[in-house]
Amino acid sequence: MTRTTCPYCGVGCGLAVVDGVPVGDVAHPANFGRLCSKGAALKDTLSLPDRLNVPMMGGREVSWDQALGTIAAEFMRIRAEHGPDAIAFYVSGQFLTEDYYVANKLMKGFIGSGNIDTNSRLCMSSSVAGHVRAFGEDVVPGCYDDLEEADLVIQVGSNMAWCHPVLYQRMMAAREKRGTKVVTIDPRRTATAETADLHLALAPGADVMLWSGLLVYLANHNVLDREWILRHVSGFEEALEAARNAAPSIAFVAAAADLRMEDVRAFYEMFAGTERVVTLYSQGVNQSSSGTDKVNAILNCHLATARIGRPGMGPFSLTGQPNAMGGREVGGLANQLAAHMGFTPKDIDRVGRFWQSPQMAAKPGFKAVDLFEAVGDGRVKAVWIAATNPADSMPRAGQVREALKKCPLVIVADAWPTDTTALAHIVLPATSWAEKDGTVTNSERCISRQRAFRAGPGQARPDWWMFAEVGRRMGWDKAFAWPGPADVFREHAALSAFENNGARVFNLGGLADIDDAAYDDLPPVQWPVPKPGMGVTGPRLFARGGFSTPDKRARMVPLQLRAEEDVAAFSLTLNTGRIRDQWHTMTRTGRVPHLMTHIPGPSIALHPRDAAARGIADKGLVRIENEHGSVVMRAALDEGVRPGDVFAPMHWTDQFTSSGPIGRLVHSVTDPISGQPDLKGTKVRIAAIAESWRGHLLRLTGGEPELSEALWWSKAQINSGFSFELAGWHPLQQEVHSEGVLRRLLRISADAELVSYSDPRKAMFRYAGILHGQLAACIFFGPPGADFTGVEQAKNLLGKDISPMERIALLAGSTGRGEKPVKTICSCFAVSEEKILTAIRSEGLTTPAQIGARLKAGTNCGSCIPELKKLLHSVPALNAAE
Ligand code: SF4
């Protein structure tokens, strides 16, 4: 058995790999054996096709030596001609800490620029900035156990049920036992909000006001811990005065945040009346033009009540990516140095001496948005992108693509082809998580080993090795001479303890001397891990002060409302985020058929009132646009979305839909302190598209459908091939029905039989390609709103023998078995909506627990439990019994 970690979210669940199959590790302190739908489907991603397995330059295969030699030579030339700031790295929260450490050392210590940033900038850099402002250091003060020991859990801008499912289930299980109250603060009624005792669907941008109002309420009701403030906090009076200015009364807050006064008061009373409070927050707080202020507004309330670092109490930033925290430890962000040191003269000198650096970076580098602007305007002449896909995920993704097209040298290291590798001059094949060896740190500061349990394909190599090899080829052989990741880890641990007299909480000195065997066997361990007597330890920090500021006091931050928080200024506001079964740009999860059945295509959720005002029907095609571009999706009417807001998943890319990522439209506004993009506040307009026809294509191969009639498509992997949903807003041309066009569309050879059925009166046409008695492909065309009966049956037949009767049924639009689209509610056990509804109706089930006992749905990760509740409510006859 090999113990390793899940490569998706920041919960950091442990995996035990037995006979090559990863399952939940019962011994891991994050998940105790549980996995969510994505983690449970990891086994299905191990052998995905199309891996990058050989270095490529200009589209040609080359040796590693050629590729790395070219990169090193180009870096030296560019550095000599244009200075170190003409080179940049853009890396990833998917990196292991060792990858991050080596890339950061190469850029900041040897190339001599601060220009390394990470996609974690888009994820939690506002939390980092908020922590540094309040605590003097980027430290999460609590641990996961606090969620189980709290009496009140507040979830702010966090759809935990879908995005951190295993932790959500730990919290919900504890709630069952101790009756924990749960408040969700989120403009959307998400799956998480569905299960809360109180949901505050506040207007976007009103968070600082809401939390300032809470601080005022706590002061007015004498709930502050004055003695603790006196001993451990500075800035209290200024912060309270600013809060009184921003949020003078509950009535004022309620009106400005578009909430009911009684709900705001109920929230304030719950916080004031409960000592054990944990406030969880993630992207809804961080991805904002005032994200850092939002974080500090939350921290202010916890500091003023001393609810920090004690069991069941504290603010808790949930990280999005598996190793966002590890990246923060080694300086993966452009404004950090390494080991929680910054760009002060003392820190630059200290790190420079430790690294024996020839040329330390003297100032922070470009943050993500600025970095790609600098690529676009030529200040950056070479960029190395690794384990991330900015051509889809960055704000104004279209401009990022243009910038990369203009850049003289684009290097991309990844495991699979993406829209970014397509723009690279040099593509480096990277090992993927199952093949990599190193460490990751989860949201509760717990370092876990990621252990390789299979070999990478072809010539794929780990990222740390690539950066080290380039460093050696640039002439710094000794500084980049690690034989393996254990040596990198020891150096990283030693740097954290170097001249660290307790000024920095982050300290791994106790792990700096472990040998290779101890590194191999390293169990999950929460930092800080100093040498004995050299610093604080423990799962909870700061209960007795000891912050990382010169006077050891925390700083409460006076907060003003920014102009962006004038909620009246928002019109139709685009919020982007994750859905339950997909991960980032779908390079892995998008290829697992059963993960594509929960939400099979890109859609934008909007309130029925906004839809009606624009003549938009549910599932109708809409164009979303602003000055940055235009994207086409299906509409999903949703009363859980506030009027004036719309929500679209961040995941779909050019590989999966014709109009590409929603990131094309996202504005480049950033938080002025953290530089984190505001991914939740882009203004857009939406208009219905009058569809002229609809279609459905099934075939064995992917690739774009070859049709030109103003075509929109989205693609989903199915068991034996691909399913394409098609639509167009210009009439289908007659030649679409010609044999040549159809064979091209279906991608069938001349020896395949082409059979058809047509009903021109109803504008319904069905074609199928049969090769050697097997269904090779089929395509259905129909009028707008057409319901293609038979599609689900055809999915089951694709690539299989097809009998004469099945052939007739297929062309006739059979209503036989397997007709309804299969919507998977429980991905862990592949339980469909239809099966659950049938069981509810026929067996009188009235609770999720009964559904679980009958069908297993909801009994693993539990992230479908809110949907099970919805289904129970959708069967009216049984509602009363629930
Ligand atoms: Fe992986 Fe799911 Fe655990 Fe996150 S909650 S680490 S995605 S198994």
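Colleague: Are glutamate 491 and lysine 105 buried or exposed?

Modeller: Both are buried in this predicted model. Buried means under 20% relative accessible area.

Colleague: What makes the contact of glutamate 491 with lysine 105 a salt bridge?

Modeller: The N to O distance is 2.8 Å. The cut-off is within 4 Å, so the pair qualifies. The two side chains link distant parts of the chain. Glutamate 491 sits in helix α22 (residues 485-497) and lysine 105 in helix α3 (residues 97-111), 386 residues apart.

Colleague: How many salt bridges does this rule give?

Modeller: The count comes to 62.

Colleague: How do you know that aspartate 610 and arginine 614 form one?

Modeller: Their closest N and O atoms are 3.8 Å apart. That is within 4 Å, so the salt bridge counts.

Colleague: Why is aspartate 610 called buried?

Modeller: Its relative accessibility is 12%. Buried means under 20%, so aspartate 610 is buried.

Colleague: And why is arginine 614 called partly exposed?

Modeller: Arginine 614 has a relative accessible area of 32%.

Colleague: What makes arginine 747 and glutamate 706 a tie between separate parts of the chain?

Modeller: They form a salt bridge, with the closest N and O atoms 2.7 Å apart. Arginine 747 lies in the loop between α25 (739-746) and β31 (753-759). Glutamate 706 lies in the loop between β28 (693-699) and β29 (711-718), so the pair ties together parts 41 residues apart in sequence.

Colleague: Why are arginine 747 and glutamate 706 called partly exposed?

Modeller: Arginine 747 is at 38% relative accessibility. Glutamate 706 is at 28%. Both values fall between 20% and 50%, so both residues are partly exposed.

Colleague: Which strands form the sheet with β28 and β31?

Modeller: The order is β29-β30-β28-β33-β32-β31, an open sheet of six strands with antiparallel pairing.

Colleague: What makes β29 and β31 edge strands?

Modeller: Each pairs on one side only. β31 is joined to β32 (residues 764-771) by seven bridges. Two strands pair with at least two bridges, so β31 and β32 count as paired. Among the partners, serine 758 bridges to phenylalanine 765 in β32.

Colleague: Which helices lie across β31?

Modeller: α25 lies across β28, β31, β32 and β33 (774-782), at about 115 degrees to β33. Helix α27 (residues 804-812) lies across β31, β32 and β33, at about 150 degrees to β32.

Notes
Residues are numbered from 1 along each chain as its sequence is written. This is a predicted model: local features need pLDDT of at least 70, side-chain atom pairs count only at pLDDT 80 or more; totals for chains, interfaces and linings use all residues. Side-chain values use heavy atoms; hydrogens and water are left out. A salt bridge is a side-chain nitrogen of Lys or Arg within 4 Å of a carboxyl oxygen of Asp or Glu. Helices (H or I, at least four residues) and strands (E, at least two) are DSSP runs, numbered from the N terminus. Buried means under 20% relative accessible area, exposed over 50%, partly exposed in between (1.4 Å probe, protein chains only). Contact means heavy atoms within 4.5 Å. Axes are lines fitted to C-alpha atoms, for helices over the stretch in contact, and angles run from 0 to 180 degrees between N-to-C directions.
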